[in-house]
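Visitor: I am new to this structure. Please pick one chain, look at it closely, and show me how it is built and what it touches.

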Amino acid sequence: MSAEAAVFYVFAVITVGAAAVVVLARSLIYSAFALLFAFFGVAGLYVLLGADFLAATQLLIYVGGILVLLLFGVMLTHKLYDLDLKSEVTQFLPASIICVGLFILLAWPIEISFSLPGLGNVRILGALWQTSWATGPGRPAGPTTEEIGRLFMSTYLLPFEAASVLLLVALMGAAMIVRRRKDA
Amino acid sequence: MLTRRNAVNVLMGIELILNSANLNLVAFSRYGTGNLQGQLFAVFVVVIAAAEVAVALAIVLTLYRLRRTPNLDEADFLRG
């Protein structure tokens, strides 16, 4: 196993393990801190994919901004002992049906093909195994910041400006939603 | 995310989903096409996720102020 594959597996295990803890943990604080590790794992995978600017952006915005915001939300709403999977039995079944169905659609590894009288030939195989992935060396790794900056200012100028307007609107909207009304 | 009652937990699940979609985009950008469009799209997704978390937390905080609980089950104002 090459060094790149070993590093990939390490980061992948960190990310998936942390995501599992986020979803399954009892307490909300465990979920928040596991989310931190999940973001770090994803940033590491970005670096492996040759997206260095995106990895730095991810760390800055997700860990430094969104995670802090989520922690504020957790602290301000104050129910630290929240646990759910045992008390939500009525909603556990539809959710698990959806998850299992999605898994079968996407990642079912064993091909099952049979012929039904009405429908003809039926083949069940996950979409992951049916598509022909483009394997190869891929784009050569290198610094991407300059190119992304140039693309932002030339071809993708409109989405860039629209994103800044969106951020302004979100900021004002969030501040307006939370403000205290002075109605007596 | 489909089963959790606490609103902030649901938000964390949403962030995980957005992150996984981002990872997919960047992987396709590297191996499928050779240009940086996937990475650019991923930057925009990060920006939009940040805006969405801000607004969603504003909503959660207002809900908490009204109902004194972060559970989503009890947010049934609109139910007839």
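Guide: Chain B has 80 residues, and 39% of them are buried. Keep in mind that this is a predicted model. The make-up of chain B is simple: two helices and zero strands. Take its contacts between residues at least 6 apart in sequence: 45% of them join residues at least 24 apart.

Start with the two helices themselves. The axes of H1(B) and H2(B) come within 9 Å and cross at roughly 175 degrees. An angle over 145 degrees counts as roughly antiparallel. H1(B) and H2(B) are therefore roughly antiparallel to each other. Who meets whom? H1(B) brings B:Ala7, B:Val8, B:Leu11, B:Glu15, B:Leu18, B:Ala21, B:Asn22, B:Leu25, B:Val26, B:Phe28 and B:Ser29 to this contact. H2(B) answers with residues including B:Phe41, B:Ala42, B:Val45, B:Val46, B:Ala49, B:Val53 and B:Val60. By class, the contact of H1(B) with H2(B) has 17 nonpolar, five polar and one charged residues.

Chain A has 184 residues, of which 20% are buried. Seven helices and two strands make up its elements. Along the sequence they follow the pattern α-α-α-α-β-β-α-α-α. The domain assignment gives chain A domain 1 (1-83), domain 2 (87-132) and domain 3 (142-184). The C-alpha centres of domain 1 and domain 3 of chain A lie 23 Å apart.

Next, the contact between the chains. Chain B puts in 43 residues and chain A 54. On the chain B side, H1 and H2 are the elements that give two or more residues. H2(B) gives the most, with 21 residues. By class, the chain B side has 30 nonpolar, nine polar and four charged residues.

From H3(A), the contact includes A:Leu54, A:Ile61, A:Tyr62, A:Gly65, A:Leu69, A:Leu70, A:Gly73 and A:Leu76. From H2(B), it includes B:Val43, B:Val46, B:Ala50, B:Val53, B:Leu57, B:Val60 and B:Tyr64. The classes here are 18 nonpolar, six polar and no charged residues.

Then turn to helix H7 (residues 157-178) of chain A. H7(A) and H2(B) pack at an angle of about 10 degrees, and their axes are 9 Å apart. That makes H7(A) roughly parallel to H2(B). Among the H7(A) residues in this contact are A:Ala163, A:Leu166, A:Leu167, A:Ala170, A:Leu171, A:Ala174 and A:Ile177. They face H2(B) residues including B:Phe44, B:Val47, B:Ile48, B:Ala51, B:Val55, B:Ala58 and B:Ile59. The residues of this contact divide into 18 nonpolar, two polar and no charged.

B:Ile59 has 16 C-beta neighbours inside 10 Å, so it counts as partly exposed. B:Thr33 is 26 residues from B:Ile59 in sequence, and the two are 39 Å apart in space, C-alpha to C-alpha.

Finally, the core. The largest nonpolar core has 42 residues; A:Val22, A:Leu35, A:Ala38, A:Tyr46, A:Leu70, B:Val8 and B:Val26 touch the most other members. Two or more residues come from each of H1 (3-24), H2 (28-48) and H3 (52-77) of chain A, and from each of H1 (7-31) and H2 (37-67) of chain B. Look at A:Val22, leaving out residues up to four places away in sequence. A:Val22 touches A:Ser31, A:Ala34, A:Leu35 and A:Ala38, and also B:Met12 and B:Leu16.

A:Leu48 is partly exposed, with 19 other C-beta atoms within 10 Å. Its contacts, apart from neighbours within four places in sequence, are A:Glu4, A:Val7, A:Phe8 and A:Phe11. A:Phe11 lies 37 residues from A:Leu48 along the chain, with 9.4 Å between their C-alpha atoms.

H2(B) runs roughly antiparallel to H1(B).

How values were computed. Residues are numbered from 1 along each chain as its sequence is written. Chains are lettered from A and ligands numbered from 1 in the order in which they are written. This is a predicted model: local features need pLDDT of at least 70, side-chain atom pairs count only at pLDDT 80 or more; totals for chains, interfaces and linings use all residues. A nonpolar core is a set of buried Ala, Val, Leu, Ile, Met, Phe, Trp, Tyr and Cys residues joined through C-beta atoms within 7 Å. A residue is buried if 20 or more other C-beta atoms lie within 10 Å of its own, exposed if 12 or fewer, and partly exposed in between; C-beta atoms are placed from the backbone. Helices (H or I, at least four residues) and strands (E, at least two) are DSSP runs, numbered from the N terminus. Two residues are in contact if their C-beta atoms, placed from the backbone, lie within 7 Å. Ala, Val, Leu, Ile, Met, Phe, Trp, Tyr, Cys and Pro count as nonpolar, Asp, Glu, Lys and Arg as charged, and the others, Gly among them, as polar. Axes are lines fitted to C-alpha atoms, for helices over the stretch in contact, and angles run from 0 to 180 degrees between N-to-C directions. Angles under 35 degrees count as roughly parallel, over 145 as roughly antiparallel, 65 to 115 as roughly perpendicular and the rest as oblique. Domain bounds come from an automatic or database domain assignment.
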